[in-house]
Amino acid sequence: LNEYVNTDPDWELMRLQYRPIPGDGAWINILELPVAEFANDPVFKVVQWDMTDLRDGDYELRAITQCYDVSLNPGISEVILVTKSTLPPIVLGEPQPADGILSPGDEISITFNKDIRCNEIFQADGIGTNINNNNLGLYDATNGQLIDAIITCRDNKINIVPNIQDVYIENRTLRVQVEDIKDLNGNELAEPVIWEFYVTKSN
């Protein structure tokens with residue numbers, strides 16, 4: 001809290017308030033501070049807002065002052081938009097191909113419930129389930145060999161296209177492992193996502 005005048009003789013107290021967006025428009029009190037609380041804070045005061053019980057989402061935040069003389073108009077601060085984002089991204093539906101068979105026209109992809117940090121997705125350079133410092137790998141499920149792939153990401157979806165001729169993966173089972181995916185606020189995928197599928201692209 002700042003830009004107040006703690007020597008104003010008319011000032012009685014300050015309320016910190018919020019309201020969810022979207023919502024019914026009603027402001028909800030977070031806390032109420034009497035002017036005496038600002039005696040030792042002439043420039044700014046830091047207060048805590050416990051958001052533990054609030055859902056993830058957008059909120060508006062403001063401060064409002066009340067004078068001893070209630071006929072005086074309250075002072076109202078600018079409204080600040082606050083976003084609470086604490087939940088990790090989760091997979092929407094099933095990774096593709098959902099039927100476990102990669103047929104002509106199918107795609108290899110995974111979609112999340114929120115936008116992710118696409119610029120932090122890198123192809124693995126390890127084998128088996130060891131993807132080293134990167135976070136997405138396409139493997140031959142039989143021998144654990146890493147298969148080169150073209151990885152594209154937009155908003156909340158990752159697409160994987162094998163960068164190898166179909167003949168070398170035909171009638172083989174492939175595995176995709178995805179981990180350490182973060183949403184735009186840095187919340188990280190809770191656990192790796194692994195799925196397998198059989199390739200029949202020539203049929």
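**Strands and core**

Tutor: Isoleucine 160 touches Ile108, Leu136, Leu138, Ala149, Ile150, Val176 and Trp195, leaving aside residues up to four places away in sequence; contact means heavy atoms within 4.5 Å. This is a predicted model, in which local features need pLDDT of at least 70 and side-chain atom pairs count only at pLDDT 80 or more, while totals for chains, interfaces and linings use all residues. Residues are numbered from 1 along each chain as its sequence is written, and side-chain values use heavy atoms, with hydrogens and water left out.

Student: Which residues have the most contacts inside the largest nonpolar core?

Tutor: In soluble globular proteins, nonpolar side chains tend to be buried together. Here the largest such core has 22 residues, and Leu138, Ile158, Ile160, Val176, Ile181, Trp195 and Phe197 have the most contacts inside it. Two or more residues each come from β7, β8 (136–140), β10, β11 (173–178) and β12 (193–199). β12 gives the most, with four residues. A core joins buried (under 20% relative accessible area, 1.4 Å probe, protein chains only) Ala, Val, Leu, Ile, Met, Phe, Trp, Tyr and Cys residues through side-chain atoms within 4.5 Å.

Student: How many bridges join strand β9 to β10?

Tutor: Strands (E, at least two residues) are DSSP runs numbered from the N terminus, and two of them pair if DSSP finds at least two bridges between them. Six bridges join β9 (residues 149–154) to β10 in the antiparallel sense, with isoleucine 150 partnered by valine 161. β10 (residues 157–162) also pairs antiparallel with β7 (residues 108–111), over four bridges.

Notes: Buried means under 20% relative accessible area, exposed over 50%, partly exposed in between (1.4 Å probe, protein chains only).
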